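Work through the exercises below with the sequence and the structure open. Each task is followed by a stepwise solution.

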Number of protein chains: 2
Amino acid sequence: MTAKVRLYVEHPLGAGQSVPLTPPQAHYLFNVMRLGPGAEVLVFNGHDGEWAAAVEGGTKRGGTLGCVAQTKALQLPPDLWLMFAPIKKARTDFIVEKAAEMGAARIMPVITAFTNAERVRADRLRAHAIEAAEQCGGTVVPQVDEAQKMGAVLDHWPEGRRLMFCDEALVGSGAALLDAPRGPWAILIGPEGGFSPDERARLHALPFAHAVSLGPRILRADTAAVAALTLWQMALGDWRGFSGPATAPI
Amino acid sequence: MTAKVRLYVEHPLGAGQSVPLTPPQAHYLFNVMRLGPGAEVLVFNGHDGEWAAAVEGGTKRGGTLGCVAQTKALQLPPDLWLMFAPIKKARTDFIVEKAAEMGAARIMPVITAFTNAERVRADRLRAHAIEAAEQCGGTVVPQVDEAQKMGAVLDHWPEGRRLMFCDEALVGSGAALLDAPRGPWAILIGPEGGFSPDERARLHALPFAHAVSLGPRILRADTAAVAALTLWQMALGDWRGFSGPATAPI
C-alpha cells in the first residue's frame, strides 16, 4: 500500500486548474520523493475538498501541478476550539498535531497564571497543523492562533459557545457529555500546575462551562488533550454515530 | 505547588519499613534533587499502595528511605491489555507512556504482517512505563511484554477476554461500547500500513472481537492508542461513572 503524497496548498482547486508549488513543496516532490512529470499527488486547500493533481513540470525551486479530478469532498470539522496552556515544546507540538488529526477547527494557546512555557511560535505550530492534516487525510487545516491570555479570551467569549474544561481537581462525569447540547464548543486543557484558585473560581462560575473529569489518574496535558477530544468527538462531534471506514472517498 | 518526588521501588512497603535505593535512584534524589536526610518522598511498588518515606541516609551510589505512612491505597487498573504494532521509536515510547498514564494493566507489542519497526527493546519500554506511573500518581506499573507475533497471541487467546480492535478500514460505532460486557478486555491498535487481508479476515471472524471506528479521519497509531484507551475507560473501565478529583488520597 503506497500512500500518495498529500499537500496542503493555498490556491483554488478545480478541474483543469494549475497550482503553483512553493520552493519547499518543489524540493519535497522533486528532490526528496523524486517525482517526475505526470506523477500524481493529492492536494487540498481547506475549501475545495481533495483533488488528484499531476506534476506538470518543476525545478528545484518551483513547479506546477494540474488538477485532474476531485477525490474527496470538503469535510469541515465540527465547530470545536481546543484551548490549552502551552507546555514544553515537544508536547505543545504534539497537542497541535493531535488536535489537527482529531478534527478541531481552531487551536488556541492560552496563557494562564501557572503557565510556564517558552514563547509560543504560532508559525511553527501552524506548520505542524498542516503536516498533520496532510498525513491524516483531512481536507481542512485548523486555524492556529497566537497565544492569548486566558482571561482575555473569557472576557470576549462568544454567545452560544459552550466550554468543556478538564482539570484534575474538578469533577464531572465524561458520560454526561452525551446529554449536553450540540453546537459550538471549546475544550480547555489546564496547565501542568493546574489552574490558580482565582481562575478555578472564575471557570466554575461561567454559565456556559461544563467540568469534565478524565478519570482517577492525573494525565499529562498532552494526554488530557487527546482524551478530551475523543470524549467530545464521540459524544457531540463527528464521531458520534459514525460507523464506517475513515476518510471514505466521495 | 511543589510536587513531591515519586519513586517506583521493588521492595515491600509498610510502617517502619526500610527501603534500599538503587544507584540511579540515589543519584536522582541526592545529586539531581539535592535532598538531604529527613526529606520526604513518595514511593509505590505496585502492591502496597503509596507511602510517604523519609530519607534516612545516602551516598552517590545508594541509600535508604524509611516508610512513614500510607498516603494512597493501591488502585489496580482495570484488567485491560493494550496490544499495538510497534512504530517509530519516539511514537512507540509515547504509546507506552500513555498506556501507563491511562491505566492499562499490560502492554503488549505485537508484530503484524505490515509491522515495520526497529527491534523493540522491552527493557527501555518498561523504563518509560515506570516513569509515566511515577509522574501520573499511579500506584501500579503496567506489565510490559517482549514483542510477540500477533498470530501467536491470538492462537493462545484466554477464554473470556474480549478484544476491541481499531483499524481505519473497519466499522463499528464507539458508542456501542457502552453496551458491551465488562470484564477482561484487550485493545488492539493496527500498524500504520493497516492489517493484511488475511489478518483482517481472521480478526473479523473472532467471536470475542469488537470492531470500533475512531471517526472519519485516519489517526496515527499513537493517537489511535490514546483515543481507544479513552473510549474503553469511559465505557467500560474506571472512568465510567467516575466523577471526582483525580488520584484522591486515602
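The model is predicted. In chain A, the loop between helix H1 (23–32) and strand E3 (40–44) holds Met33(A).

**Exercise 1. Classify Met33(A) by its accessibility and find the surface patch to which it belongs.**

Step 1. The relative accessibility of Met33(A) is 37%. Buried would require under 20% and exposed over 50%, so Met33(A) counts as partly exposed.

Step 2. Met33(A) forms a nonpolar surface patch with Tyr28(A) and Val32(A). Together these residues have about 260 Å² of accessible area.

**Exercise 2. Describe the salt bridge between Glu97(B) and Arg91(A), and state why the pair joins two chains.**

Step 1. The N to O distance between the side chains of Arg91(A) and Glu97(B) is 2.8 Å. The cut-off for a salt bridge is within 4 Å.

Step 2. Glu97(B) belongs to helix H2 (residues 89–102) of chain B, and Arg91(A) to helix H2 (residues 89–102) of chain A, so the pair joins two chains.

Step 3. Both Glu97(B) and Arg91(A) are buried.

Step 4. The pair is part of a network of salt bridges that also links Arg220(A), Asp222(A), Lys98(B) and Glu101(B). A search of the whole structure, over all chains, gives 34 salt bridges.

**Exercise 3. Locate the partners of the salt bridge between Asp93(B) and Arg124(B), and decide whether each is buried or partly exposed.**

Step 1. The side chains of Asp93(B) and Arg124(B) meet at 3.0 Å, N to O.

Step 2. Asp93(B) is in helix H2 of chain B and Arg124(B) in helix H3 (residues 122–136) of chain B; the pair is 31 residues apart and links distant parts of the chain.

Step 3. Asp93(B) has 11% relative accessibility and therefore counts as buried. Arg124(B), at 25%, counts as partly exposed.

**Exercise 4. Characterise the interface between domain 1 and domain 2 of chain A.**

Step 1. Domain 1 of chain A covers 6–72 and domain 2 covers 80–236. Their C-alpha centres are 33 Å apart.

Step 2. Eight residues from domain 1 of chain A and eight residues from domain 2 of chain A take part in the contact.

Step 3. About 670 Å² is buried between the two domains of chain A, with carbon and sulfur atoms giving 62% of that area.

Step 4. On the domain 1 side, Arg6(A), Tyr8(A) and Phe44(A) lose the most area to domain 2 of chain A, together 68% of what that side buries.

Step 5. The count of salt bridges across this interface of chain A is zero.

Technical notes:
Residues numbered from 1 in each chain as written. Chains lettered and ligands numbered in written order. Predicted model: local features only at pLDDT ≥ 70, side-chain atom pairs only at ≥ 80, totals over all residues. Heavy atoms only, no water. Helix = DSSP H or I, 4+ residues; strand = E, 2+ residues; numbered from the N terminus. Buried < 20%, exposed > 50% of the residue type's maximum accessible area, 1.4 Å probe, protein only. Patch = residues over 30% accessible without salt bridge, like charges linked within 9 Å, V, L, I, M, F, W, Y side chains within 5 Å. Areas by Shrake-Rupley, 256 points an atom, 1.4 Å probe, with all protein chains shown as cover. Domains from an automatic or database assignment. Contact = heavy atoms within 4.5 Å. Buried area = accessible area lost by both parts, 1.4 Å probe.
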